[in-house]
Amino acid sequence: MLAHLLGVLGLIAAALILILGLGVTVFALARGDRALARRTGLTTAAFTVIHVGVAVVFGILAYRASKRGWLMP
């Protein structure tokens, strides 16, 4: 239960990072700064992918720990 909750919270946080980063990218495009928009978009994508990867690994480790009895159910 705890492992699933932590995994879901990690994915929600990654979705929030993606939405906020895309908002900043759209704002930069509206200002006409294409270089800033490209850097912001790529940085947002990189942080989102890294965050999702960390959330998945942490979820797998928490699931394994709960199966072995290391975490309280």
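In helix 2, the buried residues are Ala-37, Thr-40, Thr-44, Thr-48, Ala-55, Gly-59, Ala-62 and Ala-65. Buried means under 20% relative accessible area, exposed over 50%, and partly exposed in between (1.4 Å probe, protein chains only). Helices are DSSP runs of H or I with at least four residues, numbered from the N terminus. The model is predicted: local features need pLDDT of at least 70, side-chain atom pairs count only at pLDDT 80 or more, and totals for chains, interfaces and linings use all residues. Residues are numbered from 1 along each chain as its sequence is written, and side-chain values use heavy atoms, with hydrogens and water left out.

**Helix 2**
- Helix 2 has 34 residues and reaches 49 Å from its first C-alpha to its last, close to the 50 Å expected at 1.5 Å a residue (1.5 Å times one less than the number of residues).
- Just after helix 2, Gly-69 has a positive phi of about 85 degrees.

- With the same exclusion of residues up to four places away in sequence, Thr-40 touches Gly-21, Val-24 and Thr-25.

**Helix 1**
- Leu-9 belongs to helix 1 (residues 2–31) and counts as partly exposed, because its relative accessibility is 46%.

Technical notes: Helices (H or I, at least four residues) and strands (E, at least two) are DSSP runs, numbered from the N terminus. Contact means heavy atoms within 4.5 Å.
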